[in-house]
Amino acid sequence: MRRFQRSTVIEAPRELVWAFHEQPDVLQQLTPPWLPVEIVRREGGLGPGAVSEFRLWLGPVPIRWVATHGDDYEPGRCFCDRQSQGPFTEWLHRHVFSREGDRTRLIDEVEYALPGGWLAELSVGPVVDAQLERLFAYRQQVTKQWCESRSEAVQASELPQQKS
């Protein structure tokens, strides 16, 4: 089993970062333009039993990936999804939102196993890790930009009005 983790600090309250992830089109927003994937469906939000289905393309070959959200769910703090069908032998992705003053630390933790056992993990694992780094760097940047731009707008609207 391999482990990957990436975190970023977002200059926005945790509630806003969580709200970003609850949007119906969040998967479209978080999918990088270079990734050959189609979002087939998303049902049930972020809580237990929610399902997201994707179609990945390995060249001309489509691969179905279904992720089901599990019981590790605490609104505003964490949710997880586990591959129920797809290219990995195992896949568990945990999303953690921790408050750091007025900011939020967003942590993506992934545990995965590749088909082919230890030999595949040894030879292909570093390549997958590099792809995960690129993917989650993109996703966290998109999240950061969206949340920080809205946080700034909210803060600006809360400023006292200048009298002329």
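Rings of Phe, Tyr and Trp (its six-membered ring) are paired if their centres lie within 6.5 Å, and planes under 30 degrees apart count as stacked, over 60 as edge-to-face and the rest as tilted. The model is predicted, so that local features need pLDDT of at least 70 and side-chain atom pairs count only at pLDDT 80 or more, while totals for chains, interfaces and linings use all residues. Residues are numbered from 1 along each chain as its sequence is written, and side-chain values use heavy atoms, with hydrogens and water left out.

The structure holds 12 aromatic pairs, and ring pairs link Trp18, Tyr73, Phe79 and Phe97 into a cluster. Two of the pairs are set out here.

| Pair | Centre distance | Plane angle | Class |
|---|---|---|---|
| Trp18 and Tyr73 | 6.0 Å | 45° | tilted |
| Phe79 and Phe97 | 6.1 Å | 25° | stacked |

Trp18 belongs to helix α1 (residues 14-22), whereas Tyr73 lies in the loop between β4 (61-69) and β5 (78-85), so that 55 residues separate them. Phe79 in strand β5 and Phe97 in strand β6 (residues 90-100) are 18 residues apart; helices (H or I, at least four residues) and strands (E, at least two) are DSSP runs, numbered from the N terminus.

Trp18 is buried, with a relative accessible area of 5%, while Tyr73 is partly exposed at 29%; Phe79 and Phe97 are both buried. Here buried means under 20% relative accessible area, exposed over 50%, and partly exposed in between, with a 1.4 Å probe and protein chains only.
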